[in-house]
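Thanks for coming. I have one structure to go through today, and I will start with a single residue before turning to the whole chain. Please have a look at it first.

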Amino acid sequence: MIPNFRKISIKFKLTFVYTVLFIVAMLILDIGIFLSARIYLYNKADENLQMAEKMVGELLRVGDTTDRYSGLYANDNIYMRVYDDENNHIYSSQGFIYSLEFNPNDLEFKQISTENHDLRTQTFRIPSKDGNVYFLQIVKDMYSENDFLHLITLVMGGMCFLGMGTSAFMGYVFSKRMMQPIVDLTKAAENISSKNLEERIEISGSGDEIQRLAITFNNMIDRLQEAFNKQTQFVSYASHELRTPLAVIHGYINLLDRWGKQDEKTLQESINAIKTEADNMEKLTERLLFLARVDRGVNVLKKRECFLDKLILHSIEEARLIDEKHVYILGGRSEVVVEVDAGMITQLLRIFLDNARKFTPEGGYISVSCWETEDGAKMMVRDTGIGIPEESIHSIFDRFYTVDQSRERSYSGSGLGLAIAEMIVNLHGGKIEVRSEVGVGSEFIVWFPDQKKQERKIQEQQISNHIPID
Ligand code: ADP
């Protein structure tokens, strides 16, 4: 049964293709050599035949019918015989052994193949000076030329077989070597699982496509490992964050079970604590769900044109309602139009204001302002709080990151607020800048891009640089 070619390994396919190509190349070469040699030898034979006619014919033209020159061409396997115009045989050269017909009316050049001989022959009509007419029949036996052609056919055939074997062997060895990195790659890929993301493919210094494939593969596993680690960390942080409020709720339920039902004060205290922890859990799960949805690539953005200053005013009024211990200031009164998801911007403001409130001592100032820029709009939330240490500034946007446990013992927080804030800003194509000094306060400045303004700015730049607009 012939195996399905598509299912055969690449190694064997390459070997097969090498060998077939080699045979085709050899055949073309061999046929070319054989035909050239044959044409050359046959032309040469015909030339010799013409020369013999010239020489012997010269004698006959002067009426000399002796066979002086007829033996001269025996070495070239050229034989001849002479007849007069009455078909009388005058002489034959030595070695003329061919049973050929003599026909004075057939003066055409001929190729005759008998059982053992390949003959090229022609009969020439030669009028002599003495008034007689002679017929010279010349025969060239091609056996030595044919022997030579047989020999080269045999040699070339043998070489072709030898070459075929060598090319099959070399093709197999080379394709095996070439395929080795792919075999390694496959093995490494088979060994990689969620429990073993450490495995990598060894990279050789060849710089070829396979090396590039190996590098790409390793990079892909790096990214997979990073994503997997993040995922595992995320799950462990999330469960850890949920465990604390659950433990508090459990503690209060036990307390109520034992004493609280009769004691009015303990009852109220427990209800308040359980409510607070349940609120915390709700907030935390909402944030986790938001992060997971955006991570999954779900389009959560519903953009429309709105007034940023109005959104800020609304958030400040809300903050003033729940917090009377800080002074909230609305900086600037001008209208700023932005194309954003209003719900998300309100959530963003809540995160910044929550943090400002948590980390600003009582009586401190919290101000929010916004203004237009030439390529969009900016919004700033500033407080006079405890500030963020310089070494922590680059980490505060990481998920579950909190600066220092000791300074935050009194505040509830999961370290997800700023991660969500950054995500919201990123979804709008904007940027966040943080400036903070410990003991002085913090500033969070958010930039929202405006596509129309950006396009206008580029056009203006092109005009000022005299670049044609297309
Ligand atoms: P959380 O959701 O717990 O408030 P965030 O991700 O919002 O956490 O903030 C991360 C950390 O950044 C906080 O633990 C806090 O230490 C620091 N931080 C954020 N905002 C401020 C601020 N306005 N003043 C001082 N520290 C801040």
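Predicted model: local features only at pLDDT ≥ 70, side-chain atom pairs only at ≥ 80, totals over all residues.

Where does phenylalanine 16 lie? It is in helix α1, which runs over residues 10–61. Phe16 also belongs to a nonpolar patch on the surface, together with Val17, Val20, Leu21, Val24 and Ile28. Together these residues have about 550 Å² of accessible area.

Now the chain. In total there are 10 helices and 12 strands. The radius of gyration is 51 Å, whereas a compact globule of 470 residues would have one near 23 Å. The C-alpha trace spans about 160 × 65 × 35 Å along its principal axes.

What share of the 470 residues is buried? The figure is 37%. The chain exposes about 29500 Å², with 56% of that supplied by carbon and sulfur atoms. Among contacts with a separation of 6 or more, 64% are between residues 24 or more positions apart.

One local detail to finish. Strand β1, residues 78–84, pairs with strand β2, residues 89–92, in the antiparallel sense, over 3 bridges. Tyrosine 83 stands opposite histidine 89, which is in β2. The hairpin of β1 and β2 has 4 residues between the strands, and asparagine 87 takes a positive phi near 65° there.

Conventions. Residues numbered from 1 in each chain as written. Heavy atoms only, no water. Patch = residues over 30% accessible without salt bridge, like charges linked within 9 Å, V, L, I, M, F, W, Y side chains within 5 Å. Areas by Shrake-Rupley, 256 points an atom, 1.4 Å probe, with all protein chains shown as cover. Salt bridge = Lys/Arg side-chain N within 4 Å of Asp/Glu carboxyl O. Helix = DSSP H or I, 4+ residues; strand = E, 2+ residues; numbered from the N terminus. Rg over C-alpha atoms; globule rule 2.2 N^0.38 Å. Buried < 20%, exposed > 50% of the residue type's maximum accessible area, 1.4 Å probe, protein only. Contact = heavy atoms within 4.5 Å. Pairing = 2+ DSSP bridges.
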